[in-house]
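Thanks for coming, everyone. Let me put the structure up, and then I'll walk through it.

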Amino acid sequence: MYYKFSGFTQKLTGSAPTAAYSPQGLRPGVPAEAPAMIFASPTKLVSEAGTMAEYIGPNRVPDLQRLFQTSDGVPIHLKRGVPDRLLYRTTMALTIGGTLYCLVALYFAAQPQNK
C-alpha cells in the first residue's frame, strides 16, 4: 500500500501509487521549453582578441633573475639592498619585541594577586 501526507489531517493516509509519487500538487513532467542559456556566447570574440598580449609595463623578470641568481654571498632576502634590509630589521625587531612582551605578560599572569 502507498501512503501520502494529508495536508488537511496532517497525517499519513492511504493513496494510489500515482498520487504517492506526486505529493502535494507537484506534477511530474517535462518543461514545455528549455531554459535560455546564460553563458551561451563568449564575452570576447576570437577576432576581437589581439595576437599580442598587452602588458602594463616592461618585463622585468630577466633583470630580477639575473640579480637573484648571482652568487655574491648575500642572502636572497637581502639582495635588493636598503629596502630589504629595512624590512628584515623591522620584522626581526617586531618579533623580538613581541616575544619579550609575551614573556612579561606571562610573568605578570603567574604572580598571585594582592588582596
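A salt bridge here is a side-chain nitrogen of Lys or Arg within 4 Å of a carboxyl oxygen of Asp or Glu. How many salt bridges does a search of the whole structure find? The search finds 2.

Some ground rules before the details. This is a predicted model, where local features need pLDDT of at least 70, side-chain atom pairs count only at pLDDT 80 or more, and totals for chains, interfaces and linings use all residues. Residues are numbered from 1 along each chain as its sequence is written, and side-chain values use heavy atoms, with hydrogens and water left out.

Take the salt bridge of Asp63 and Arg66. Their side chains meet at 3.1 Å, N to O. Both residues lie in helix 2, 3 residues apart, about one turn of the helix. Helices are DSSP runs of H or I, at least four residues; strands are runs of E, at least two; both are numbered from the N terminus. Now exposure. Buried means under 20% relative accessible area, exposed over 50%, partly exposed in between, with a 1.4 Å probe and protein chains only. Asp63 is partly exposed at 46%. Arg66 is exposed at 53%.

Next, Asp72 and Lys79. Their side chains form a salt bridge, 2.8 Å from N to O. Asp72 is partly exposed at 49%. Is Lys79 buried or exposed? Lys79 counts as buried, because its relative accessible area is 12%. In general, side chains of opposite charge can pair when their charged atoms come close.

Stay with Lys79. It sits in the loop between helix 2 (61-69) and helix 3 (82-110). Its side chain also reaches the backbone oxygen of Thr70 at 2.5 Å. As for contacts, meaning heavy atoms within 4.5 Å, Lys79 touches Leu67, Phe68, Thr70, Asp72, Val74 and Asp84, leaving out residues up to four places away in sequence.

Strand 1 (residues 2-5) and strand 2 (residues 12-15) pair in the antiparallel sense over 4 bridges. Pairing requires that DSSP finds at least two bridges between the strands. Lys4 stands opposite Thr13 in strand 2. Between the strands there are 6 residues, and Gln10 takes a positive phi near 60°.

Last, an annotation. The unreviewed UniProt entry gives "transmembrane region" for residues 86-110. UniProt positions follow the numbering used here, feature names are shortened, and annotations may be inferred rather than shown by experiment. In the model, residues 86-110 are 100% helix and 0% strand, with the end C-alpha atoms 36 Å apart.

Terms used:
Polar contact = N/O pair within 3.5 Å; in protein donor to acceptor, adjacent residues only side chain to side chain.
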